[in-house]
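Thanks for coming, everyone. Let me put the structure up, and then I'll walk you through it piece by piece.

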Amino acid sequence: MGKIVGFEIGDHSVKLAYFAGNELKKAVCAELPDAMVSHGRILSMDAMADFLRDTARANGIPRAGAAVSLSLADAYTRDVTMPAMTEQQLSYNLPFEFHDFLTEEKSKYFFDYSVREVRRDPDGYPLEMDLFACAMLKERVEAYRAMFRRAGFRQRVLTPDESAYGALLEEHIAHHGGEDTDRCIVSLGHRSTYLYIFHGSSFDSRRGVEAGSAELDSLIADHCGVDVHVAHSYKHSDYNGVLEADYAQELYARLAGEIVRAVNFYNYNNRDRELKELYLCGGGAGIAALRETIAETTRLEVHPAADLLPEQQRPEEEPWLYLRAIAGVFESFRGGKR
């Protein structure tokens with residue numbers, strides 16, 4: 001299979017997951033300098049390329065293919081139901097399904113899709129098809145390609161988070177079963193928290209919450225009277241028990257409440273199903289008090305992200321940090337979107 005590196009570029013850090021064949025060789029997390037990424041959008045592709053190149057060199061990660069899962073700032077995704085049609089007809093009609101989202105002429109976008117289901121009449125004639133569709137500006141695609149080229153990598157996969165996580169779940173189900181199980185991957189990020197709900201490996205819905213570990217940094221800074229960068233170090237070392245403080249517990253309870261609301265909404269709209277499993281990833285998943293609050297509040301089966309990964313593809317340290325980066329590599333294993 002060759003060598004490939006999965007990348008997650010977040011607001012506060014980047015994660016690199018280096019694979020040789022299908023075996024994880026190294027996983028690296030590096031904190032970004034200030035003002036590199038804002039709300040999922042890379043502010044300087046050249047500066048990011050230089051940072052990725054230097055980080056890879058410093059950690060012994062060789063030149064390889066690159067697989068990156070996209071943030072919401074770069075790609076539009078949506079579920080689409082359309083009459084059954086040929087690929088040529090679909091390529092013409094799909095852009096119109098995004099007319100409420102696009103800010104430029106449709107000729108300036110790449111459009112891609114995967115077929116979820118084709119409904120047929122009693123004679124087997126196709127009537128409708130359900131699609132998971134994606135749109136991305138061509139200039140943004142080229143900007144990513146140029147960024148990775150400058151960093152010393154060849155872009156192989158550029159895919160929405162939903163597809164990357166779906167590829168990971170597809171592999172998990174192939175080895176452990178549960179194709180009809182409803183699961184939620186909860187990404188407890190720096191600026192935001194995102195919930196990705198799946199039925200089997202098929203993406204169903206996403207919910208975003210504007211709260212993350214950056215808010216905890218700010219709370220620690222306010223209560224301890226220190227700079228937010230110092231507060232960030234306090235959080236990592238749990239200095240003076242800041243992770244158990246009342247203000248921290250209030251934030252955990254709010255996040256857990258948002259998860260409960262999302263789960264209840266899903267269950268209400270899918271009476272024939274029941275979402276029971278949560279998988280926690282992202283930096284916040286390393287906070288034991290937050291994990292405990294989520295488990296107690298939701299009363300669901302709460303699992304660490306590592307449970308979704310085969311042993312040879314599981315980082316030895318802090319595996320919850322790397323799920324999205326590894327998921328992008330899993331998308332490359334099943335073909336990927338370019």
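**Helices and sheets, one at a time**

Let's begin with a helix pair: α5 and α7 are roughly antiparallel to each other, and that follows from their packing angle of about 160°. One thing before I go on: this is a predicted model. Now find the two helices. α5 covers residues 213-224, and α7 covers residues 246-269. Their axes lie 10 Å apart. The crossing of α5 over α7 is right-handed.

Which residues of α5 meet α7? From α5 we have E215, L216, L219, I220, H223 and C224. From α7 come Y247, A248, L251, Y252 and R254. Sort that contact by class and you get eight nonpolar residues, one polar and two charged.

Next, a sheet. Look for three strands in the order β7-β9-β8. The sheet is open, and its pairing is antiparallel. Which strands sit at the edges? They are β7, at 76-83, and β8, at 109-120, and each of them pairs on one side only. From one strand to the next, the twist averages 20°.

Stay with β8 for a moment. Its partner β9 spans residues 126-137, and eleven bridges join the two antiparallel strands. If you want a landmark, take S114, which stands opposite F132 in β9. A helix packs on this sheet as well. That is α3, residues 138-151, and it touches β8 and β9. The direction of α3 makes about 60° with that of β9.

β14, residues 277-281, pairs with β15 in the parallel sense, over four bridges. There, L278 stands opposite V302 in β15.

On to α4, residues 161-176.

On the α4 side, the contact uses D161, S163, A164, Y165, A167, L168 and E171. On the α9 side, it uses L323, R324, A327, G328, F330 and E331. By class, this contact divides into seven nonpolar residues, two polar and four charged.

So is α9 mostly covered or mostly uncovered? Mostly covered: ten of the eleven residues in this helix, 323-333, are buried. Among the buried ones are L323, R324, A327, G328, F330 and E331.

Last stop, back towards the start of the chain. β2, residues 13-20, and β3, residues 23-31, pair in the antiparallel sense over eight bridges. S13 has E31 in β3 as its bridge partner. Together β2 and β3 form a hairpin, with two residues between them. And what is the phi of G21, in the turn? It is positive, at about 65°.

That's the tour. Questions, please.

How values were computed
Residues numbered from 1 in each chain as written. Predicted model: local features only at pLDDT ≥ 70, side-chain atom pairs only at ≥ 80, totals over all residues. Heavy atoms only, no water. Axes fitted to C-alpha atoms, helices over the stretch in contact; angles between N-to-C directions. Parallel < 35°, antiparallel > 145°, perpendicular 65-115°, else oblique. Left-handed = near helix turned anticlockwise from the far one by under 90°. Contact = heavy atoms within 4.5 Å. Nonpolar A, V, L, I, M, F, W, Y, C, P; charged D, E, K, R; others polar. Pairing = 2+ DSSP bridges. Buried < 20%, exposed > 50% of the residue type's maximum accessible area, 1.4 Å probe, protein only.
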